[in-house]
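Visitor: Hi! Could you walk me through some side-chain contacts in this protein?
Guide: Happy to, let's bring it up.

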Amino acid sequence: GSAAAGALFPFPEPETVIHFYEGGLSMQPEIKTIDAMNAICVRHTGPYDQCGSAWEAVCAFAGQNGLMGPKAKMIGISYDDPMSVPPEKLRYDACVTVDRPVQPEGKVKPLTIPAGEYAVFRHKGPYSDLIKTYGAIFGGWLPQSGREVDDRPCFEQYINSACEVPAAELITDIYIALKP
């Protein structure tokens, strides 16, 4: 598959709110260059909307090891396009960033989120609507942007959680890796 195919997954985005309106949508991402981030992750294989157990496992490990500080970021990496990969084969990593070396155990693995330039889109609303936002990014913004998607994985950062706010208030930042 193409890099774009690996980036179409139902989840998060940045400071630009995407507005759907009659006749199309408007969105202007923030272009950010980020440093590499070290993380721990738990891999989920299967439908993206069933990744809750991976989150429970990585958050339990992070909590037990004192890693859930204010700087920890919750990041999801979807590797496969649900439009072209069967649901039972979809791959997703539930990640928590860490600021010190961690001894992984069991399902918990270390992972580095690569540095580089990303277009960051802010998605507000339920995770189930992320697929629409991805469609707008890859079907609308990307072809008109003059940019190409890199082979680094795209990822989502979850700014708040469903434990804290109603689904309509969820904020997800979607990071689309760009070629230099």
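Guide: Below we talk about ring pairs and salt bridges. This is a predicted model, where local features need pLDDT of at least 70, side-chain atom pairs count only at pLDDT 80 or more, and totals for chains, interfaces and linings use all residues. Residues are numbered from 1 along each chain as its sequence is written, and side-chain values use heavy atoms, with hydrogens and water left out.

Visitor: How many aromatic pairs does the structure hold?
Guide: There are nine. Rings of Phe, Tyr and Trp (its six-membered ring) pair if their centres lie within 6.5 Å; planes under 30 degrees apart count as stacked, over 60 as edge-to-face and the rest as tilted. One of the pairs is Tyr-118 with Phe-155, which is edge-to-face, with 5.4 Å centre to centre and 70° between the planes.

Visitor: Where in the chain are Tyr-118 and Phe-155?
Guide: Tyr-118 is in strand E8 (residues 116-124) and Phe-155 is in strand E9 (residues 155-158), so this pair links distant parts of the chain, 37 residues apart. Helices (H or I, at least four residues) and strands (E, at least two) are DSSP runs, numbered from the N terminus.

Visitor: Is Tyr-118 buried or exposed?
Guide: Tyr-118 is buried, at a relative accessible area of 0%, and Phe-155 is buried too, at 1%. Buried means under 20% relative accessible area, exposed over 50%, and partly exposed in between (1.4 Å probe, protein chains only).

Visitor: What sits over the ring of Tyr-118?
Guide: The charged end of Arg-152 does, 4.6 Å from the ring centre. The rule is that NZ of Lys or CZ of Arg is within 6 Å of the ring centre and within 35 degrees of the ring normal.

Visitor: New topic: how many salt bridges does the structure hold?
Guide: Eight, each being a side-chain nitrogen of Lys or Arg within 4 Å of a carboxyl oxygen of Asp or Glu. Among them, Arg-147 meets Glu-117 at 2.6 Å, N to O. Arg-147 lies in the loop between H2 and E9 and Glu-117 in strand E8, so the bridge ties together parts that are 30 residues apart in sequence.

Visitor: And which side chain does Asp-173 meet in a salt bridge?
Guide: That of Arg-122, at 2.8 Å, N to O. Asp-173 is in strand E10 (residues 171-177) and Arg-122 in strand E8, 51 residues apart. Both Asp-173 and Arg-122 are buried, whereas Arg-147 is partly exposed at 25%.
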